Amino acid sequence: VPSSAPFYILRPEVVEAFYYLSVLTGDPIYREWGWEVFQSIEKYCKTKYGYGSLHDVNAPSMKPEDRMESFFLAETLKYRE
């Protein structure tokens with residue numbers, strides 16, 4: 001997937017990286033960035049019964065898909081403390 005891809009499919013890698021960097025370095029900036037990611041997921045990806053992928057993160061008025069990837073709860077939200 002190119003870094004310029006406009007979509008977000010609820011993948012955990014960035015949140016996971018922020019978590020490990022926070023633990024390893026003790027730098028609070030990584031926790032702050034992780035919290036910002038969580039807040040954005042809540043704001044832009046929340047659906048009536050869960051969370052959905054975004055086709056274009058540059059178009060905040062677009063609604064998320066009405067389906068949730070199976071890995072989202074187990075792999076992305078587990079880093080929320």
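## Leucine 54 and the nonpolar core

Leucine 54 touches Phe7, Tyr8, Tyr44, Cys45 and Pro64, when residues up to four places away in sequence are not counted. In this predicted model, Leu54 also belongs to the largest nonpolar core, which has six residues and brings it together with Leu10, Ile41, Cys45, Tyr51 and Phe72.

## The chain as a whole

The chain contains three helices and zero strands, and from the N terminus on its elements run α-α-α. The radius of gyration of the chain is 13 Å, close to the 12 Å that the globule rule gives for 81 residues, so the chain is as compact as a globular protein of that length. Taken along the principal axes, the box that the C-alpha atoms fill is roughly 35 × 30 × 20 Å.

Of the 81 residues, 28% count as buried. If one looks at the contacts in the chain with a separation of 6 or more, 54% of them are accounted for by residues 24 or more positions apart.

## The largest pocket

About 520 Å³ of space lies in the largest pocket, and the elements that give two or more residues to its lining are α1 (13–25) and α2 (28–45). The largest share of the lining, six residues, comes from α2.

In total, 23 residues line this pocket, and those nearest its centre are Phe7, Tyr8, Ile9, Arg11 and Val57. Sorted by class, the lining has 18 nonpolar residues, one polar residue and four charged residues.

Proline 12 counts as buried, because its relative accessibility is 4%. Leaving aside neighbours within four places in sequence, proline 12 is in contact with Phe71, Glu75 and Thr76. Proline 12 and phenylalanine 71 are 59 residues apart in sequence, while their C-alpha atoms are 8.3 Å apart in space.

Serine 22 is found in helix α1, and with a relative accessibility of 13% this residue counts as buried. Not counting residues up to four places away in sequence, serine 22 touches Asp27, Tyr30 and Arg31.

## Aspartate 66

Aspartate 66 lies in the loop between α2 and α3 (71–76). Its relative accessible area is 71%, and because exposed means over 50%, aspartate 66 is exposed. Aspartate 66 and tyrosine 79 are 13 residues apart in sequence, and from C-alpha to C-alpha they are 23 Å apart in space.

Definitions and conventions
Residues are numbered from 1 along each chain as its sequence is written. This is a predicted model: local features need pLDDT of at least 70, side-chain atom pairs count only at pLDDT 80 or more; totals for chains, interfaces and linings use all residues. Side-chain values use heavy atoms; hydrogens and water are left out. On a 1 Å grid over the protein atoms alone, a cavity is a set of points where a 1.4 Å probe fits but cannot get out, and a pocket is an open set with protein on both sides within 12 Å along at least five of seven lines; lining residues have an atom within 4 Å of a point. Grid points are joined across faces, edges and corners, and a volume is the space filled by probe spheres set on the points. Helices (H or I, at least four residues) and strands (E, at least two) are DSSP runs, numbered from the N terminus. Ala, Val, Leu, Ile, Met, Phe, Trp, Tyr, Cys and Pro count as nonpolar, Asp, Glu, Lys and Arg as charged, and the others, Gly among them, as polar. A nonpolar core is a set of buried Ala, Val, Leu, Ile, Met, Phe, Trp, Tyr and Cys residues joined through side-chain atoms within 4.5 Å. Buried means under 20% relative accessible area, exposed over 50%, partly exposed in between (1.4 Å probe, protein chains only). Contact means heavy atoms within 4.5 Å. The radius of gyration is taken over C-alpha atoms; the globule rule is 2.2 Å times the number of residues to the power 0.38.
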